[in-house]
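Open the model in your viewer and keep the sequence panel beside it.

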Amino acid sequence: MPLTIPFGWAINPDMSFVILCISGVLTGAIFGDHCSPISDTTILSSMGSSCNHIAHVDTQIYYAIFVAIITIVFGYIPASLGIPWFICIPIVIVVMFVGLRLLGEKVKE
């Protein structure tokens with residue numbers, strides 16, 4: 001953040017661009033937290049669910065990559081081209097819902 005905020009402001013002083021830069025850093029951090037096998041939250045959640053640690057990482061990585069691709073294609077790229085957030089976010093939600101319905105695995109009861 002100490003690098004992102006001044007650098008984003010130096011490139012374009014429009015506050016929506018700076019917010020876009022900040023959100024990119026934060027979502028990248030969350031993506032890295034979900035996909036890293038040495039992350040503290042990943043270790044704690046696999047321990048808390050009594051599941052094999054690497055099996056937990058293997059199951060989480062597909063969802064994290066799916067969400068990352070959708071947010072980049074339907075969120076960050078359109079937002080960087082000037083499309084307002086109130087148009088991008090509903091589109092991302094609909095695409096994510098449809099994608100999870102088509103690609104998601106049903107839970108066995």
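Predicted model: local features only at pLDDT ≥ 70, side-chain atom pairs only at ≥ 80, totals over all residues.

Residues are numbered from 1 along each chain as its sequence is written, and side-chain values use heavy atoms, without hydrogens and water.

**Whole chain.** Show it as a cartoon. You will find five helices and zero strands. Helices are DSSP runs of H or I with at least four residues, strands are E runs of at least two, and both are numbered from the N terminus. Buried residues (under 20% relative accessible area, 1.4 Å probe, protein chains only) make up 18% of the 109 residues.

**Largest pocket.** Select Leu-20, Gly-75, Ala-79, Ile-83 and Trp-85, which lie nearest its centre among 19 lining residues. A pocket is an open set of points on a 1 Å grid over the protein atoms alone, where a 1.4 Å probe fits, with protein on both sides within 12 Å along at least five of seven lines; lining residues have an atom within 4 Å of a point. Next, colour α2 (15-35), α4 (53-80) and α5 (85-103): each gives at least two residues to this lining.

**Second largest pocket.** Select Thr-27, Phe-31, Val-67, Ala-68 and Thr-71, the closest to its centre of 13 lining residues. Which helix supplies the largest share of this lining? It is α4, with seven residues.

Methods: Buried < 20%, exposed > 50% of the residue type's maximum accessible area, 1.4 Å probe, protein only.
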